[in-house]
Amino acid sequence: MSATMSKGARMQADLTALLRARHSLLWLLTREEVRVERMLTEAANAAGYVVQFWDCVAGITDAAGKTVDGNMRDPTAAIANILASDARVVWCMRDLHRWFDPVVLRALRNAARALQVRPKDKAAAIVILTPSGEVPPELAGHATVIEAPLPDRSEIAVLFDDVLRALPETLRAEAAPNGVRDAAIDAAVGLSAEEAANCYAKSLV
């Protein structure tokens, strides 16, 4: 793996490797849903999966946000639906940790075991997307924990340049005169992508 890869690219490659290795339950720790969901979708596609999302409001949606089953809001029913499907899908469940009770935890443990022994053409995985790093002891032996890194300097630089490109050409030099670009990028390291983009947009206005 190239030493020049960004932290985000390395995590995406790790996710692809874990999915190819048939890890059936991933605990993905992040406070950047949009960015990490995009990376997960690309990682899953590279491993030969499609991605579907679940949350308690939208039910099941696809990677484009289109509703697949808007009535599937109950977490236990959603896990049962995962087991009933034989498609190669990575099921990303948002904030599932808020619904943990003995029934949901048992359902997850059963699902993780069942998914591990599926035929390759029916392989599937569950990804718990959460800002909480507290993995319940019931899942400790089943879940592979991945902490999504904040964007590094190279990713912040791309974000800054994207914001600049959105400006009329006549304003770009004025918005980022010599020396300002590097300082602006350095100042945003440690922020989430959304926080950095918001700061840049506000400063340019």
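Trainee: Which residue follows α1 with a positive phi?
Mentor: That is R22, and its phi is near 70°. Keep in mind that we are looking at a predicted model.

Trainee: Okay, back to α1 itself. How many residues does α1 have, and how far does α1 reach?
Mentor: α1 runs over residues 7-20, which makes 14 residues. From first C-alpha to last, α1 reaches 20 Å, close to the 20 Å expected at 1.5 Å a residue.

Trainee: And which residues of α1 are buried?
Mentor: G8, M11, Q12, L15, T16, L18 and L19. They sit on the same side of α1, because they cover an arc of only 165° around the axis.

Trainee: Why would residues three or four places apart point the same way?
Mentor: An α-helix has 3.6 residues a turn, so residues with that spacing point the same way.

Trainee: Switching to pockets: what volume does the largest pocket have?
Mentor: About 420 Å³. Of the 20 residues lining the largest pocket, E32, R35, R38, L159 and A193 are the closest to its centre.

Trainee: Which elements give two or more residues to that lining?
Mentor: α1, α2, α5 and α8 (193-204). The largest share, six residues, comes from α2.

Trainee: And how does the lining of the largest pocket split by class?
Mentor: There are 10 charged residues, six nonpolar and four polar.

Technical notes
Residues numbered from 1 in each chain as written. Predicted model: local features only at pLDDT ≥ 70, side-chain atom pairs only at ≥ 80, totals over all residues. Heavy atoms only, no water. Helix = DSSP H or I, 4+ residues; strand = E, 2+ residues; numbered from the N terminus. Expected span 1.5 Å × (residues − 1). Buried < 20%, exposed > 50% of the residue type's maximum accessible area, 1.4 Å probe, protein only. Arc of directions from axis to C-beta. 1 Å grid on protein atoms, 1.4 Å probe; cavity = no way out; pocket = protein on both sides within 12 Å on 5 of 7 lines; lining within 4 Å. Points joined across faces, edges and corners; volume = space filled by probe spheres on them. Nonpolar A, V, L, I, M, F, W, Y, C, P; charged D, E, K, R; others polar.
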